[in-house]
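Here is a short report for someone meeting this structure for the first time. Please look over the chain before reading on.

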Amino acid sequence: MADATCAVDDCDNPVAVLSRKMCRKHYQRWRRSVQAADNARQTRCAVDGCEKSAECRGMCPMHYQRWRQKGDVGEAAPSRQRHAGEVCAVDGCGQPRRKRDWCGSHYVQWNKTGEVVPFAHQWSRAETCCVCGKPTGAVPGLKKYCSWACKTNWCNYNGEVPASVDCVHCGKPINLATSGKGGKRRRSDVKQCRRCRNDMRKHGMSVEQLAQRDGTSCGLCGSPVDMSLRKPNLMCPSVDHILPRARGGTNDPANLQLAHLLCNTTKRDRIAEAA
């Protein structure tokens, strides 16, 4: 056997073991061709209209199980789109029809209780957030809200979310519908406006609190301070350290006074006498 050569014409390769007198290459090629022929001869299900492969008694597994249980194979496999465009028969449901003229949820209700009634609570089908009006569906698990922040607002205010709240320091309205630079919305329990919050972080007191305590006169020049002005206007209000921080001054309220931004930047780290 070791001296025998392949039976294929013009092939001088030695015969492989258990390879029908062929070399290994031609034997593998023959096996692939036989397997392809067997697959081509595979029979189809005997039920008219069924394109599945026959495995048991000339039928596909589905029709074979139907024949065993009911004694009749019935029709071909139903199409998955048999109820396309049809809706549930329950009034006000509107969900796609699945079984027995009902949607999947009402079919399960009938299967468990034996009756079909409208649900007391309906899934939200709104495409816009009920709080801010933005499109919904971006956050998994939320259909009525666009984000968890909007849901928190809705729950905290029992469905009546205000458009704005007043700052506890200056009393100015804080718009809850606008988003910041990072795209985040304001929390529903916000108490301070952005300006008062920044002043409190830096100095412990805001310009509004200093105006209520000492009046609206500048602590450096003595002229009135227009509290409605904002940066970059140099005459807007600012918090000035009587003893500058560079000279050991602290953020203690007794070391703070109201001043124009121009006067404050001109003073720098010098010690000035009050006007």
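Buried means under 20% relative accessible area, exposed means over 50%, and partly exposed lies in between, with a 1.4 Å probe and protein chains only.

## Basis of the report

This is a predicted model, in which local features need pLDDT of at least 70, side-chain atom pairs count only at pLDDT 80 or more, and totals for chains, interfaces and linings use all residues. Residues are numbered from 1 along each chain as its sequence is written, and side-chain values use heavy atoms, with hydrogens and water left out.

## Overall layout

The protein has seven helices and four strands. Helices (H or I, at least four residues) and strands (E, at least two) are DSSP runs, numbered from the N terminus. Along the sequence the order is α-α-α-α-β-β-α-α-β-β-α.

Of the 275 residues, 28% are buried. A contact means heavy atoms within 4.5 Å. Among contacts with a separation of 6 or more, 31% join residues 24 or more positions apart.

## Two loop residues and a helix residue

P232 sits in the loop between α6 (207–214) and β3. P232 counts as exposed because its relative accessibility is 76%. Its C-alpha atom is 9.2 Å from that of L261, 29 residues away along the chain. G222 belongs to the loop between α6 and β3. G222 is partly exposed, at 37% relative accessible area.

Leaving aside neighbours within four places in sequence, H106 touches C88, V90, C93, V116, V117, P118 and F119.

## Strand β3

Strands β3 and β4 pair in the antiparallel sense over five bridges. Two strands pair if DSSP finds at least two bridges between them. S238 stands opposite A259 in β4.

## Nonpolar cores

A nonpolar core is a set of buried Ala, Val, Leu, Ile, Met, Phe, Trp, Tyr and Cys residues joined through side-chain atoms within 4.5 Å. The largest has 13 residues, and L210, C218, M227 and L258 have the most contacts inside it. Helix α6 and strand β4 (256–260) each supply at least two residues of this core. Another core lies apart from it, with seven residues, among them V165, I174, V190 and C193.

Beyond its neighbours within four places in sequence, C218 is in contact with S223, V225, L258, A259, H260 and C263.

## The largest pocket

The largest pocket holds about 470 Å³ of space. On a 1 Å grid over the protein atoms alone, a pocket is an open set of points where a 1.4 Å probe fits, with protein on both sides within 12 Å along at least five of seven lines; lining residues have an atom within 4 Å of a point. Grid points are joined across faces, edges and corners, and the volume is the space filled by probe spheres set on them.

Of the 21 lining residues, K202, H203, K231, S238 and V239 are closest to the centre. Elements giving two or more residues to the lining are α5 (194–203), β3 (237–241) and α7 (261–267).
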